[in-house]
Amino acid sequence: MYKLYYNPGACSMAVHVILNELDQKVTLERGHDDNYQPTKELLKVNSRGAVPVLVDDGHVVREGAAIILHLLGKHKNSLLPASGFERATALEWLMFGNATLHPAYARAFGAFKNFTGDTQEKVLAAAVTQINKLWEEVDSKLANSEYICGKELTAADILLTVIANWSVKVSSAIKLGENTKRMLRKVIARPSYQKALATEQVEYKAAA
């Protein structure tokens with residue numbers, strides 16, 4: 001059985017959903033307290049104090065994308081093409097979510113944490129502008145495909161869907177296009193996602 005250090009609705013939820021998709025049993029361990037301070041248990045497995053962290057048969061795997069690729073390489077699935085340009089495209093969009101869209105939201109959250117007054121407004125506005133540009137790119141891609149890489153769901157869609165729900169916490173100025181919302185509704189309707197939402201007690205609002 002796997003052990004996943006998580007926070008409700010955080011990027012760790014993508015790993016949780018994927019574990020459900022793979023029909024794998026998992027024990028969940030909250031990584032931060034109510035003041036968003038890392039727990040002693042989390043710091044034992046990740047001195048960076050960040051989730052997700054996966055413990056697999058005593059081995060610790062950190063960083064969300066690394067965990068996802070580890071799981072998809074270990075279990076039979078259709079969430080990542082096996083080879084060729086199809087695989088490269090799926091990896092590109094997974095890394096887009098992990099290394100481009102996620103940090104854009106981090107800058108927005110950082111505005112609330114690190115600044116006040118006019119400075120906070122300026123930093124937040126700049127972050128929201130960048131976030132909207134990224135979602136416009138996603139929406140344009142989805143204009144001609146059911147999911148971000150075509151007709152089949154990939155891990156990238158799951159990660160993008162998790163990140164999209166952070167928008168309601170950041171700003172009403174973040175706009176998700178109709179193509180994007182269509183994809184989000186399809187992803188959250190899956191039993192794997194519904195199970196994760198119920199377990200983590202998270203309400204999904206971004207697809208409305």
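Is Pro52 buried or exposed? Keep in mind that what you're looking at is a predicted model. At 3% relative accessibility, Pro52 counts as buried, because the cut-off for that label is under 20%.

To find Pro52, go to the loop between helix H2 (40-45) and strand S3. Now look at what surrounds this proline. Setting aside neighbours within four places in sequence, Pro52 is in contact with Leu4, Tyr5, Cys11, Ser12 and Val15, and also with Arg62, Glu63, Gly64 and Ile67. Tyr147, on the other hand, sits 24 Å from Pro52, C-alpha to C-alpha, and the two are 95 residues apart in sequence.

Next, see who S3 pairs with. One partner is strand S1 (residues 2-6), which joins S3 in the antiparallel sense over three bridges. If you want a landmark there, Leu4 stands opposite Leu54 in S3. Leu4 also turns up among the contacts of Pro52. Another partner is strand S4 (residues 59-62), which runs antiparallel to S3 and is joined to it by four bridges. In this pairing, Val55 stands opposite Val60 in S4. S3 and S4 form a hairpin, with two residues between the strands. Take a look at Asp57 in that turn: its phi is positive, at about 55 degrees.

Now for some helices. Two packed helices are described by the angle between their axes and the distance between the axes. For helix H6 (residues 155-164) and helix H8 (residues 178-188), the packing angle is about 105 degrees and the axes are 10 Å apart. That angle makes H6 roughly perpendicular to H8. Which residues make the contact? From H6 come Asp157, Ile158, Leu160, Thr161 and Ala164, while H8 brings in Met183, Leu184, Val187 and Ile188. Sort the residues of this contact by type and you get seven nonpolar, one polar and one charged.

Notes:
Residues numbered from 1 in each chain as written. Predicted model: local features only at pLDDT ≥ 70, side-chain atom pairs only at ≥ 80, totals over all residues. Heavy atoms only, no water. Axes fitted to C-alpha atoms, helices over the stretch in contact; angles between N-to-C directions. Parallel < 35°, antiparallel > 145°, perpendicular 65-115°, else oblique. Contact = heavy atoms within 4.5 Å. Nonpolar A, V, L, I, M, F, W, Y, C, P; charged D, E, K, R; others polar. Pairing = 2+ DSSP bridges. Buried < 20%, exposed > 50% of the residue type's maximum accessible area, 1.4 Å probe, protein only.
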